[in-house]
Amino acid sequence: MMSSQHPGTGILSAMYGAVRALQLYPLENEVVKRGLVEVKEQADSILKLEGGLSIWVAGNYMFVNDLQVKLDLHDYASLSAFREVLRSHGVGRMEASPKSSAEDWQAFLTLIAADPEPGQPPLEALQAELQKNGVSRISVGPPSAMFEGSDAQQSAEAARHTYTRSVKVARDMMEGLVLGKAIGARRAERAVLAVVDQVLQEPATMLGMLTLRDFDDHSYVHSVNVAILSVALGDYLGFNREQLFELGFAALFHDIGKVLIPPAVLNKMGWLNDEEWRLVSQHPDFGLLMMFSVEGSEDLPYRAMLAVYEHHMKPDLSGYPRVIRRRRQGLFARIIALTEAYDAAISNYSKQFLPCSPDEAIRQLREAETGAYDAVITRAFVNMMGIFPVATLVILDTGEMGVVVAPNPNPKSLSRPLVRIIANSDGERVGDGPIRDLTERDPETNQYRRSIARSTDPERYGISVADHVA
Ligand SMILES: [Fe+2]
Ligand SMILES: [Fe+2]
């Protein structure tokens with residue numbers, strides 16, 4: 001089993017340890033020497049596995065490569081102190097190339113261990129010093145503007161960052177496999193962990209990402225969306241982090257076999273002929289084979305690989321691949337079958353159908369014929385999403401317009417979610433207005449104050465719903 005701990009913590013604490021040592025002792029000191037060796041080793045192990053090392057400071061968050069590093073209780077003090085060191089030099093991001101040497105690290109850490117010179121912009125001063133010392137393989141840059149702002153904005157940006165990176169990893173993996181490149185499982189693992197953590201921390205914000213439409217590559221976006229939905233549903237069903245990781249992994253790569261199918265067939269509008277259909281329906285078999293060609297495949301979770309093979313089988317085994325002997329479609333595959341149907345319905349990923357609104361997609365899943373999806377999992381999914389899922393744009397009977405930000409915590413009130421008002425009853429936009437609980441009643445009449453009249457299409461109003469969810 002692959003490790004699910006945060007590899008980013010190691011390099012950050014090593015760097016902070018070395019900085020502290022450099023602040024207290026001269027270079028020749030043993031503590032300093034050991035500290036520098038530790039940094040070099042930590043950096044090299046990441047560089048070797050991932051080909052690059054970048055550290056981001058983003059408000060209260062830190063990222064190592066794609067992965068947000070959780071500040072645990074025992075290393076909280078040192079990691080936040082290190083964040084302050086970087087910040088005092090105006091550093092928002094730092095990059096090291098695989099060729100970075102022990103001398104580069106020593107020079108870099110010595111420079112940031114010193115207080116910045118007063119009176120000049122700290123980042124420019126640091127960059128000039130790096131250049132003067134011949135350090136070209138470690139570079140620093142300013143904080144990204146996207147991470148400025150309130151906590152809510154920051155968490156939305158952290159979610160968007162994780163989302164965008166995951167799309168990129170999915171794309172790189174799949175494109176790499178087509179070209180026969182050896183692709184490390186490790187990078188995929190980190191992308192999946194980032195999704196799991198982000199879903200656990202900010203489920204609503206992550207579900208809001210499903211409505212982002214500013215990507216051209218629908219198949220990779222579909223993979224990431226299915227991963228988000230599956231991890232959220234797994235969490236709802238009580239899975240632990242390890243299980244969520246395996247489920248997320250399976251979900252991110254459930255359609256990996258499609259890379260072997262010609263795009264002309266995959267993107268064909270209208271019905272497929274027999275030959276084309278035969279090809280498309282082989283993608284679970286192809287997928288399983290491709291999982292074995294991933295570098296480090298012996299470490300891939302077995303249940304995840306099985307789910308790739310089984311995700312179109314259907315609980316009554318009427319799907320594909322056809323099976324001769326009786327078997328049970330696994331739990332992961334049942335979850336993915338449902339979440340992928342939902343994403344396919346709301347997105348323009350499938351060329352065969354027009355996208356529908358989230359509440360319409362939920363209705364279709366509830367009304368699907370028995371045997372198509374697991375009944376218990378479908379019910380859990382509907383309870384989790386609500387009848388009007390997060391990020392549905394709704395018109396209320398008061399004439400107000402709002403965006404669903406959370407399902408009602410009471411499963412009996414599934415059609416009465418929490419809604420953020422974004423336009424008043426005169427149709428005037430109010431930005432991020434108040435959040436209203438639709439179970440709220442007027443004490444005098446005992447009538448609901450607000451109910452959903454209907455859902456509507458955000459594109460018609462030019463609204464990016466994801467911006468209003470967090
Ligand atoms: Fe599929
Ligand atoms: Fe799919």
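Analyst: On a 1 Å grid over the protein atoms alone, a cavity is a set of points where a 1.4 Å probe fits but cannot get out. By this rule, the predicted model holds 2 cavities of 30 Å³ or more. In this predicted model, local features need pLDDT of at least 70 and side-chain atom pairs pLDDT 80 or more, while totals for chains, interfaces and linings use all residues. Residues are numbered from 1 along each chain as written, chains are lettered from A and ligands numbered from 1 in written order, and side-chain values use heavy atoms, without hydrogens or water.

User: Which residues line the second largest cavity?

Analyst: Lining residues have an atom within 4 Å of a point. Here they are Leu207, Leu210, Thr211, Tyr342, Ile346, Pro358, Val390 and Ala391. The volume of this cavity, the space filled by probe spheres set on points joined across faces, edges and corners, is about 40 Å³.

User: What are the protein donors of the iron ion (ligand 1)?

Analyst: Donors are N, O and S atoms within 2.8 Å of the metal (3.2 Å for Na, K and Ca); water is not among the atoms, so sites may look incomplete. For ligand 1 they are Asp255 (OD), His283 (NE2), His311 (NE2) and His312 (NE2), lying 2.1 to 2.3 Å from the iron ion. In sequence, these residues follow the spacing D-x27-H-x27-H-H.

User: What are the protein donors of the iron ion (ligand 2), and which residue bridges the two ions?

Analyst: His222 (NE2), His254 (NE2), Asp255 (OD) and Glu340 (OE) lie 1.8 to 2.5 Å from ligand 2. Asp255 bridges both iron ions, which lie 3.7 Å apart.

User: Are Asp255 and His311 buried or exposed?

Analyst: Buried means under 20% relative accessible area, exposed over 50%, partly exposed in between (1.4 Å probe, protein chains only). Asp255 is buried, with a relative accessible area of 6%, and His311 is buried, at 2%. His254 is also buried.

User: Which residues of helix H16 are buried, and how are they placed around its axis?

Analyst: Helices (H or I, at least four residues) and strands (E, at least two) are DSSP runs, numbered from the N terminus. In H16 (residues 358–367), Pro358, Asp359, Ala361, Ile362 and Leu365 are buried. They cover an arc (of the directions from the helix axis to the C-beta atoms) of only 155°, which puts them on the same side of H16. In general, an α-helix has 3.6 residues a turn, so residues three or four places apart point the same way.

User: What do the buried residues of H16 pack against?

Analyst: With contact meaning heavy atoms within 4.5 Å, they pack against helix H15 (331–346), helix H17 (375–385) and strand E10 (452–456).

Technical notes. 1 Å grid on protein atoms, 1.4 Å probe; cavity = no way out; pocket = protein on both sides within 12 Å on 5 of 7 lines; lining within 4 Å.
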